[in-house]
Amino acid sequence: MRLLTRSDVEAKLANLRAVTDTTLVQLDLDDLLTELLARTKEILDADTAAVLLLDEAGTELVARAASGIEDEVRQGVRIPLGVGFAGRVAASKGAIRLDRVDATTVSNPILWETGIRVMLGVPLLAGESVLGVLHVGRLEDRAFSADDTRLLEVVAERVAAATQSGHLAAERAAAQLLEQSLLPGKLPDCAGIQFAARYAPAAGRMVGGDWYDAFTLPSGELWVVIGDVAGHSLHAGVIMGRIKSAFRSFALLGLPPHDVLRLVDRKIDVFELDATATIACAVMRPPIDHMQLAVAGHPPPIVAPPNQQATFATANLGPLLGLDPDVPRCSTDVALAPGTTVLFYTDGLVERRDESIDTGLERLRAVVSAELPRAVVHHVMRELIGKTDHEDDVALLAFRTAELDDDATTAPAGPDVNR
């Protein structure tokens, strides 16, 4: 029998190409995969087709779409990597043909209970990474050929591309919702205290692991927090949300900042395996003339008293969270003169590939002064970000204490949040 040439393969893929090229932007991932599988069955003269995608942990394949064996999806079939037919395809990153389908060759009973007699599976790859598995089956003893394998591998390339595109679109939408839900929509109203904040995701991403927070407790305490979870993905954003929630919960216990950090560190150690984060946090009590500051692997805030040069707050710079929950931590008392502006920030503002971080820190310090917080964050973003596409997320949170003559009450009131 004549081997199929590349042109033969492309000719048979004409319908599939039309779907991926013209309707990709109109279909969500599940509808797209369903349409692709229907056309895959036609191309391979198969009775069943299914896509299983690797889960976030990278340990199991999860049935995502199917045609002819829809029960795989309805029942939420999960196949451990390396186990059974699909598991072996994913683990080997190569095609596998089965001429016998039973309990000795596949781990999913649905396959042999459906009456499938022969199967062909190929991995869905993005470079060297496995996204999942595409497999087809026939209800008659007509084995898949080498040409069928070659054809399905080309189909898999298109399915993998569609899967990646669908994942990216879903991640962008989820990231937008996550950002809106996790960054405070309104900063607290505190007598005489003014706030301003900015959040700017890195170029090409919707959300990352940076966040800021400010809240008051029933005790009257005012907390200011800024942090950065390692990583740049939706997953980092999800972990950031969990850490932020945990921080607020532990703050309710009325503990000093270093003890709150210690509890958050314990939470990361137990529930967020392999995650690391930096945090700078402070608590203040009326009258706000000082703050208790604790820092875990994060750059210290900048303090700008009236008519004085801004300086970095003196603090014990403890290690980042997620390395050792038993490391000793401590808080530092920082005096705040009336009319002092304090700026908390993340390292995306000051880190550059081609220079020392000390250069970026000094550049930042030089542009901070005891202005209104709204003006401070504007000047900082203009001077340090400007028109450049920054490679890391940036978060800023500034506040200013009340002045003795109460002039602050005549300034534009209320917090300013600009994302």
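Predicted model: local features only at pLDDT ≥ 70, side-chain atom pairs only at ≥ 80, totals over all residues.
Let me start with one term: a residue is buried when its relative accessible area is under 20%.

Start with helix H3, residues 29–44. Which of its residues are buried? They are Leu-29, Leu-32, Leu-33, Leu-36, Leu-37, Thr-40, Lys-41, Ile-43 and Leu-44. Just after H3 comes Asp-45, with a positive phi of about 50°.

What does H3 lie across? Strands E1, E2 and E6. The helix runs at about 70° to E2.

Those strands belong to an open sheet of 6 strands. Read the order with me: E3-E2-E1-E6-E5-E4, with antiparallel pairing. Strand E3 (78–80) and strand E4 (96–98) stand at the edges. Each has a single partner strand, so one side of each is left without a neighbour in the sheet. From one strand to the next, the twist averages 25°.

Now walk along the pairs. Strand E2, residues 60–67, is joined to E3 by 3 bridges. There, Val-62 stands opposite Arg-78. Strand E1, residues 48–54, pairs with E6 over 6 bridges. Find Ala-50 there, opposite His-135 in E6. Then E5, residues 118–126, is joined to E6 by 9 bridges. Here Val-122 faces Leu-134 of E6 as its opposite residue. E5 and E6 form a hairpin, with 2 residues between them. In that turn, Gly-127 has a positive phi of about 70°.

Why call E6 largely enclosed by the rest of the structure? Because 9 of its 10 residues, in the stretch 129–138, are buried.

Next, the cores. In soluble globular proteins, nonpolar side chains tend to be buried together. The largest nonpolar core in this model has 28 residues. Phe-195, Met-291, Leu-336, Phe-344, Leu-397 and Phe-399 touch the most other members. Several strands supply at least two residues each, among them E7 (194–200), E11 (290–296) and E17 (394–400). A second, separate core has 27 residues, including Leu-37, Ala-49, Leu-131 and Val-136.

Beyond its neighbours within four places in sequence, its contacts include Ala-282, Pro-301, Val-303, Leu-336, Phe-344 and Phe-399.

On to the rings. How many aromatic pairs does a search of the whole structure find? It finds 3. Take Phe-195 and Phe-399: the ring centres are 6.2 Å apart and the planes sit at 45°, so the pair is tilted. Phe-195 lies in E7 and Phe-399 in E17, so the pair ties together parts that are 204 residues apart in sequence. Both of these residues, Phe-195 and Phe-399, are buried.

Trp-223 and Phe-247 form an edge-to-face pair, 5.5 Å centre to centre, with 80° between the planes. Trp-223 is in strand E9, and Phe-247 is in helix H8, residues 234–251. They are 24 residues apart. Trp-223 and Phe-247 are both buried. Ring pairs link Phe-215, Trp-223 and Phe-247 into a cluster.

Last stop: helix H9, residues 257–271. Its 15 residues should span 21 Å at 1.5 Å a residue, and its end C-alpha atoms are 21 Å apart, which agrees. Its buried residues include Pro-257, Val-260, Leu-261, Val-264 and Ile-268. Asp-259 and Lys-267 are also among them.

Methods:
Residues numbered from 1 in each chain as written. Heavy atoms only, no water. Buried < 20%, exposed > 50% of the residue type's maximum accessible area, 1.4 Å probe, protein only. Helix = DSSP H or I, 4+ residues; strand = E, 2+ residues; numbered from the N terminus. Pairing = 2+ DSSP bridges. Expected span 1.5 Å × (residues − 1). Core = buried A, V, L, I, M, F, W, Y, C linked by side-chain atoms within 4.5 Å. Contact = heavy atoms within 4.5 Å. Phe/Tyr/Trp six-rings, centres within 6.5 Å; stacked < 30°, edge-to-face > 60°. Axes fitted to C-alpha atoms, helices over the stretch in contact; angles between N-to-C directions.
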